[in-house]
Amino acid sequence: MSLSNRKKICFITGSRAEYGLIEKIIELFSKNKSFVTYLVVTGSHLNKKFGNTIKDISKKNIIIKKIKLNLNSDTKKMIYVNQHKLSEEIHKFCEDVKPNCFVVLGDRFEIFSLCSFIQFLNIPIVHIHGGEKTSGSIDDQLRHCITKMSHLHFVANKEFQERLIQLGEFKKSTYIVGGLGIDKIDRMQLYTKQEICEKLQFNLNKKNILITLHPDTLEANNTIKMTNLICKLVNKFKNFNFIITYPNFDIGHDYIIKKFREISKKIQNVTFHKSLGDKLYLSALKHCDVIIGNSSSGFTEAPYFNTPVVNIGDRQKGRPISKNIKNAKINYLSIENKFKLSLKKNKIVKSVNKYGKPGASNKIYKIIRKLNFKNINLKKEFYDIK
């Protein structure tokens, strides 16, 4: 098939976590000779401060467009400046390439910014993982806005589908496919606990704790409090191994990085990583004794392994809670209490993962590849619940 007759599908990624979820779908389209597959890479992928994770992205049969953002400033102005850059670059890209469709995932501000411009170009947008709730962060608002700018939706379960219908989306434009996090786990040969300890130079006989903390995008002071409280916990339990990962680049990330870097230099059994990479991170989710922080991975992927999670604060408020998760308030007594309880119940309680079973990537691929993009109605109507 000639290049001019092939459909042009474009994916967008701004972070390591997001790319790991859509990687399989991109791979499937890259092998389909009826499509030309593009990937817009932006956000933390292109920043040395966050590990320059574009190096982990497969470039086989994919045309990559880079949009480098300024992530050196940890202020609100950074968002405004970057939104302008994103709109300029995506306009040039669309003029040159003329994509038939964009595929986006989740709720990041860079995804929101790009979609807000793409909608004016009358290009269909496919949104994955809409309908979810995280009312303790601004991501919730961005996710629902992306839903209203999108024309086709892939959700993890019926609850999320019903929420999209509440937002005025037609049921026929929504598909329940399960969560992509489970797909990612299912296709990987994960490291054993011994291999993890060898890679991180840890003592195999100690308890291993994984920490992933992101800024609180609604209450800046909470970011400082949570960071300090976790540092206090690490200082008290010095006989444990702690694997700490970088936060995302929301406002407030500099404080988290500064404090965690300090404690990793001070205490021998603490390691701090810009990016573990998908395989090592998922292996840690599986084999660590407890996960602490406010990452969505504690809700979407940790239940698959029945790994206990201490979720701090309200960032993930509204997500379905599996039995492996304990919610802690932003005070030390609450965090330590939930941590000790989690250690006692390690791997005992069987959890039901509300994000379904493996297979979402293939389901999404099969539906999109059959689409006639020209027949997608770009004039969206609002579905009224009777």
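**Reading helix packing and sheets in a predicted model**

Trainee: At what angle do helix α7 (residues 193–200) and α10 pack, and how far apart are their axes?

Mentor: The two helices pack at an angle of about 125 degrees, and their axes are 10 Å apart. In general, two packed helices are described by the angle between their axes and the distance between the axes. Please bear in mind that this is a predicted model.

Trainee: Which word describes the relation of α7 and α10 to each other?

Mentor: Angles of 65 to 115 degrees count as roughly perpendicular and those over 145 as roughly antiparallel. At about 125 degrees, α7 and α10 are therefore oblique to each other. As for the hand, α7 passes α10 in a left-handed crossing.

Trainee: Which residues of α7 and α10 make the contact?

Mentor: From α7 come Lys193, Ile196, Lys199 and Leu200, and from α10 come Leu280, Ser283, Ala284 and His287. By class, the residues of this contact of α7 with α10 are 4 nonpolar, 2 polar and 2 charged.

Trainee: At what angle do helix α8 (residues 220–236) and helix α13 (residues 332–344) pack?

Mentor: The angle is about 50 degrees, and the axes lie 10 Å apart. That makes α8 oblique to α13. In this pair α8 passes α13 in a right-handed crossing. On the α8 side the contact is made by Leu229, Lys232, Leu233 and Lys236, and on the α13 side by Tyr332, Ile335, Glu336 and Phe339. Of the residues in the contact of α8 with α13, 5 are nonpolar and 3 are charged, with no polar ones.

Trainee: I turn now to the sheets. In what order do the 7 strands of the open sheet stand?

Mentor: Strands of a sheet pair through backbone hydrogen bonds, either parallel or antiparallel. In this open sheet the order is β3-β2-β1-β4-β5-β6-β7, and the pairing is parallel. At the edges stand β3 (63–66) and β7 (174–176), each with a single partner strand, so one side of each is left without a neighbour in the sheet. From one strand to the next, the twist averages 20 degrees.

Trainee: How many bridges join strand β1 (residues 7–13) to strand β4 (residues 101–105)?

Mentor: These parallel strands are joined by 3 bridges. Isoleucine 9, for instance, has cysteine 101 in β4 as its bridge partner.

Trainee: Which strands does helix α2 (residues 76–97) lie across?

Mentor: Helix α2 lies across β1, β2 (35–41), β3 and β4, and it runs at about 165 degrees to β2. Another helix, α14 (residues 360–369), lies across β1, β2, β4, β5 (125–128), β6 (152–155) and β7, at about 165 degrees to β6.

Trainee: In what order do the 6 strands of the other open sheet stand?

Mentor: The order is β10-β9-β8-β11-β12-β13, with parallel pairing. Its edge strands, β10 (270–273) and β13 (325–328), each pair on one side only. Within this sheet, strand β8 (residues 208–212) and strand β9 (residues 241–245) run parallel and are joined by 5 bridges. Threonine 212 has threonine 245 in β9 as its bridge partner.

Trainee: Which strands does helix α10 (residues 278–287) touch where it packs on the sheet?

Mentor: Helix α10 touches β8, β9 and β11 (290–293), and its direction makes about 125 degrees with that of β8. Helix α13 also packs on the sheet, touching β8, β11, β12 (309–312) and β13, with a direction about 165 degrees from that of β13.

Trainee: Finally, how many helices and strands are there in the protein?

Mentor: The protein has 14 helices and 13 strands. Its radius of gyration is 21 Å, close to the 21 Å that the globule rule gives for 386 residues, so the protein is as compact as a globular protein of that length.

Conventions. Residues numbered from 1 in each chain as written. Predicted model: local features only at pLDDT ≥ 70, side-chain atom pairs only at ≥ 80, totals over all residues. Heavy atoms only, no water. Axes fitted to C-alpha atoms, helices over the stretch in contact; angles between N-to-C directions. Helix = DSSP H or I, 4+ residues; strand = E, 2+ residues; numbered from the N terminus. Parallel < 35°, antiparallel > 145°, perpendicular 65-115°, else oblique. Left-handed = near helix turned anticlockwise from the far one by under 90°. Contact = heavy atoms within 4.5 Å. Nonpolar A, V, L, I, M, F, W, Y, C, P; charged D, E, K, R; others polar. Pairing = 2+ DSSP bridges. Rg over C-alpha atoms; globule rule 2.2 N^0.38 Å.
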